[in-house]
Amino acid sequence: MKNRINRREFLLKSLLTGAALPLTFIKSRGARRTPLASHAADATDPAALKLWYDRPAAQWVEALPLGNGRLAAMVFGGTASERLQLNEDTLYAGGPYDPTNAEALSALPVARRLIFEGKYKEANDLVGEKMMARPLKQMPYQPVGDLNLKFPGHESASDYRRELDLDTAIASISYTVGGVRHARAIFSSPLDQVIAVRLTADRPGQISFNASMQTPQEATVATESGHTLVLRGRGGDAFGIKGALKFQARVLVLAEGGKTTADKDSITVNNADAATILIAAATSYKSYKDVTGDPERLAASYLNKAAARRFERMRADHVREHQRLFRRVRLDLGSNDAASLPTDQRVVRLAEGKEDPHLASLYFQYGRYLLISSSRPGTQPANLQGIWNESMTPPWESKYTVNINTEMNYWPAEVCNLSECHEPLIRMVTELAENGGRTARVHWGARGWVCHHNTDLWRACAPVDGPLWGMWPTGGAWLCKHLWDHYEFAPDKNYLAKIYPVLKGAAQFFADTLVEEPVHKWLVTCPSLSPEHQHPGGVAVCAGPAMDTQIVRDLFNHCAEAAHILGVDREFAARLSSLRARMAPMQIGKAGQLQEWLEDWDMEAPEMHHRHVSHLYGLFPSDQITPRATPDLFAAARRTLEIRGDAGTGWSLAWKINFWARLLDAERAYKLLLIALTPVFMQQAASRVGSGGGIYANLFDAHPPFQIDGNFGAASGIAEMLLQSHAGEIHLLPALPRAWAAGSVKGLRARGGFEIDIRWDAGRLAGATVRSVTGTTCEVRYGERTVALRVARGHAARLDANLRRA
């Protein structure tokens, strides 16, 4: 992710303006410590998996996220006014467009010659002038708008509580006004495709409110039938591409008792006993090349079907469907009295050095919750902000940055037993192959397909933003690893046959475009770059960065293996093997580090502590660097991380958790997790702005600003600390820190089609269960002990602390 937003300015602004309330709140807590509860929350109880607060959200990064994969809300929980900020996952600016640049191909050989002559600045300038996309930017993800609820007389409330229950995916607000207890329950149903809001009180006739909508979009708001708000709009223009999407949001107000009246653009309910509000939204998006859908028909259909159902039934069905996915994995890392405190107080205490082992469990499960909420079969993939965005011009357009961020979003999908949530990304990759085929031909004169470092709803694949960021042809190849990962975790030849043409097309592109560098005669990518990182030549453009070689090596391996399994393309697979043998090897530099570039430039790079650590792709997420197969490279990867340092943006911290887990360094991985959990709203954060990220009060990852990849990356990192399966074996507790001396995890997935439960005590394995989905053999490791297992499909092997069958 490029770093154009000044983090210092952003965080200081948030500290001094929008975050003023949290700072005041923290200061008052410092003077008056809140006593801990007399008993700790039960970490194995689903009820313990709640984010909760004793005040409403004062800013967007304090609000609570709900989503059904397609339709999302941020819930602020005010007493006198409630704001539900709404998103629909296909509402992007612009429309289908072709960003390819007809001048690129003629400039390609010149750029290569300049790079091989060491004229990097000249090559950079040529790339910027002739080889970038037109337009230079891609389309932003944009909000639907807000539903605003005004509650007269609720300005002064007591006994306030706002919470998000991860186990039920329901946000709740409760408080007392005038001796009456008021409650709200809100969820986004994946079955009914609406957001449902339930308003109740403990006395009859106490529900009175006004409902209205607003939006930054070009739109109108009106009422229909006396009980429905209708927002009709058009998606925004951006970067010279006219908005092509129509959209509609409909809000149905169903009061029980009392009086309901409608003005031209709002609905008022007085003295009802209870009320249900249903929210539906849709756009005219049908595919990345078809915007002829009917949003009114879709939104009205969702709303009418939901209105015919009882709220209690809708709620029960929603919870059951959410728990079908969410309850597959249970994690117990222990708990103490801190678990009973408000969430924003807990993260402050942790940053002050106080123990709270349950917070890591909560953060892990929050990552899983966010993936379920932002990525379900049939939806768009989770973007830079998942599915939640309030801005017409969000940071980096809140789209898909595929040089790390989009991939990180899906690192937890397989290991955390949410394989279905991977489907939107896998489908997007198959769609990129079409537009990427045109980009490959126009920009590179190649067969197959290519995607550079970003894409959007319209599946644009050309290089964007500028040569420092965009001249990187390996984004699509990295995405192909996710197609292969899905196969490795759940081997299925029918699935492999479906994705094989996508793998083959990506491999064909590199078979056509790899070129021989003049010194060693190795095959390399050119022009390319190590993502967003300038080398000593003062630019990023170069030939054969280590990350490219690692990614393409994986792609060739996976494509050739798929061809072998499917019994197809024997000659093409053989050619890939031949090309792979001629590619540049990973090299160890003069400081003992893994080299980031072909040349040993690392120690002279302008940013020694750069947020991207791209050349360690071979360590994670790949399996090319392991302690037993490549010990020298393993040591060099560790040296690279030591030089790079621990500080980083939120997502960079998350990647480093995974790196250190793969390096089997439990304490360093845990240290990075603690840094990632640092609340950026603390006053102390002002002194560490330059160090990068942490979390907001609602546990959203802070780059800053908000990016969701750090949430997903941290969840993956925690899983990697407990289970690894990339090196041909199932490794139990490879990086268990001292802070998690006793605990258990149930339901993690391992490659080969296995589901794993692990128990440990006093920092040592107590037992494990290996359940087979496919009936394959596996090797299980704990420490230096290994055991070979064959477990029949649908059966389980129970192991004791010494890996003996129990």
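Buried means under 20% relative accessible area, exposed means over 50%, and partly exposed is in between, using a 1.4 Å probe on protein chains only. This is a predicted model, so local features need pLDDT of at least 70 and side-chain atom pairs count only at pLDDT 80 or more, while totals for chains, interfaces and linings use all residues. Residues are numbered from 1 along each chain as its sequence is written, and side-chain values use heavy atoms, with hydrogens and water left out.

Q: Why is A581 called exposed?
A: Its relative accessibility is 65%, and exposed means over 50%, so A581 counts as exposed. A581 sits in helix 16, residues 570–582 (helices are DSSP runs of H or I with at least four residues, strands are E runs of at least two, both numbered from the N terminus).

Q: What makes a set of residues a nonpolar core, and how many residues does the largest one have?
A: The members must be buried Ala, Val, Leu, Ile, Met, Phe, Trp, Tyr or Cys, joined through side-chain atoms within 4.5 Å. The largest such core has 246 residues, and L147, F209, W655, L732 and W740 have the most contacts inside it. Helix 14 (residues 493–513) gives the most to this core, with 11 residues. A second, separate core has 15 residues, including A185 and F311.

Q: How do you know which residues F209 touches?
A: Contact means heavy atoms within 4.5 Å. Leaving out residues up to four places away in sequence, F209 touches residues including L149, F151, V253 and I277.

Q: What makes a space a cavity, and what is the volume of the largest one?
A: On a 1 Å grid over the protein atoms alone, a cavity is a set of points where a 1.4 Å probe fits but cannot get out. Points are joined across faces, edges and corners, and the volume is the space filled by probe spheres set on them. The largest cavity has a volume of about 170 Å³. Lining residues have an atom within 4 Å of a point; of the 19 here, the closest to the centre are W411, D485, F489, E720 and R751. Helix 13 gives the most to this lining, with 4 residues.

Key: On a 1 Å grid over the protein atoms alone, a cavity is a set of points where a 1.4 Å probe fits but cannot get out, and a pocket is an open set with protein on both sides within 12 Å along at least five of seven lines; lining residues have an atom within 4 Å of a point.
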